[in-house]
Amino acid sequence: MPTAKKSPAKKATPAKKPVVKKAAPAKKPVVKKAAPAKKSPAKKAAPAKKAAPAKKAVAPKKAAPAKKTSGSKKAVTTKPIALTPAQKAREAARKLREKELAIKAAAKKREADAKAREKAAAQARAAKAAEVLAAKKAREKAAADKLRAKEDAKKAREAETLRKQKEREAEVARKIREKEAIESAKRREIEAKQRANEKERLRRQKEMERRELEERKRREREEAIRVKAEEELARKRSSKPYTEDQAFLDEIKALLVAELEITNQQVTALDSQADELLVDREHVEFDGESNMDFGTDFDREQVKEHAERLRDKSEQITVALQLVAERSYGRCDNCYERIPKDRLRFQIPAFLCTSCRVFF
C-alpha cells in the first residue's frame, strides 16, 4: 500500500510542471514539441483527483520531497512497481489522453504554423503590392510634374505675350484717355458752372417755398388757436356752473333776496336823511348862518352818493336774481370760469372771480 500511494504522487508531479511551460512554447517553435505532452496531464489530472478517495488526495503532500531525488524519468520508471488493474487502467487512460492531447497540440501547432506562413506571405504580397503601387505613383507623379512643367512654361509664354500686348494697348488707351480727359475737363468745368447756377436758383426757390410754407402753417396755427379760443369762450359764456346744484342756487337766491331787502331799506333811509338835510339847509339860510351852509351841503352830497351806490348794488342784486333764475349765476364775467361757492356766499352779489377781481 505505501508503494501504491507513492506512484500517483510521482505521476502528478509532471502534471504541475507543464502548466508553467505552456505559454512559452507558443512563441518558441523549438520547445513546442515537448510542451503539449506535459500540458495534457495537467488538464486531465484534475478530474482524476476528484474521483479518487480522500486518502489519495493526501498522497501529493508525501510525494513532494520526491522532486529533489528524481534526477530523470528513467530512474523513476526503472523501479519495479506492482500496479493494480485499476491503476493500470488509469495509467493506460492517462497515456491515451496524453497521446490525444499530443496529437491535438501537433495539429494546432501545424495550423498555427500554416496561419503564420499564410500571414507572412500575405504581408509579403501586401508589401510587394505597396512597393509596386508606390513605384507606379512615383512614375505617374513624375509624368504629371513634367506635363505640368510644360503647361506652366507654355502658360508663362502666353502670359508674357498677353502682358506685352496689354501694355501696348494700355499705352494707346492712356494717350486716348489723356486727350479725352483734357476735353472732358473743359466740359465738366462748363457743366459745373451751369449746375452751380441751377443749384443756387433751386435753393433760392426752395427757401422761398419753405418760408411761405412756414408762414402759412403759422397762420393756420394762429387761426386754429383763435378759433379754439373763440369756441372755448363761447362755451364758457353759455356755461351754467351750478345748474345741477339746485340746493346751492336756492341758498344763493335766499341770500340775494335778503340782501336786496336790506339794500332797499338802506336806500329809503338815506333818501329820507338827504331830504332832512335839505330842510335843515333851508332853515339855516333863513336864519342867516352862512358857516353851517357848506357843511350841510357836503353831508347831503355824501348821503346822496352813498344812496346811489346802494341803488347800483340793488340793480346788481336784481341782475343776479335773474341769472339765478337762468341758472347761470356763479360764472365770472371776465374769464367765464366758475366762481367758488364761498365767494358767492360772502360777496353778494359776485360777478368776478378772485383772480379777475384783482384787475378790476
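## Ser314 and its contacts

Leaving aside neighbours within four places in sequence, Ser314 is in contact with Leu260, Thr263 and Asn264. Contact here means heavy atoms within 4.5 Å. The model is predicted, so local features need pLDDT of at least 70 and side-chain atom pairs count only at pLDDT 80 or more, while totals for chains, interfaces and linings use all residues. Residues are numbered from 1 along each chain as its sequence is written, and side-chain values use heavy atoms, with hydrogens and water left out.

Ser314 is found in helix α8, residues 291-326. Helices are DSSP runs of H or I with at least four residues, and strands are runs of E with at least two, numbered from the N terminus. The side chains of Ser314 and Asn264 are joined by a polar contact of 3.1 Å. A polar contact is a pair of N or O atoms within 3.5 Å; within protein, one must be able to donate a hydrogen and the other to accept it, and residues adjacent in sequence count only if both atoms are side-chain atoms. Ser314 counts as buried because its relative accessibility is 12%. Buried means under 20% relative accessible area, exposed over 50%, and partly exposed in between (1.4 Å probe, protein chains only).

## Ser328 in the loop

Ser328 sits in the loop between α8 and α9 (341-346). Ser328 is buried, with a relative accessible area of 7%. Not counting residues up to four places away in sequence, Ser328 touches Ser239, Lys240, Pro241 and Leu323.

## Nonpolar cores

The largest nonpolar core has 21 residues. Such a core is a set of buried Ala, Val, Leu, Ile, Met, Phe, Trp, Tyr and Cys residues joined through side-chain atoms within 4.5 Å. Which members touch the most other members? They are Ile252, Leu256, Tyr329, Cys332 and Leu344. Helices α7 (246-287) and α8 each supply at least two residues of this core.

Leu344 touches Tyr242, Phe248, Ile252, Tyr329, Gly330, Ile339 and Ala350, not counting residues up to four places away in sequence. Another core, of seven residues, lies apart from the largest one. Its members include Val267, Leu277, Val303 and Leu310.

## Cysteines

How many disulfides does a search of the whole structure find? It finds zero. A disulfide is a pair of cysteine sulfur atoms within 2.5 Å. Cys353 is in no disulfide; its nearest cysteine sulfur, that of Cys356, is 3.5 Å away. Cys356 is likewise in no disulfide.

Cys353 is buried, with a relative accessible area of 8%. Cys356 is buried too, at 7%.
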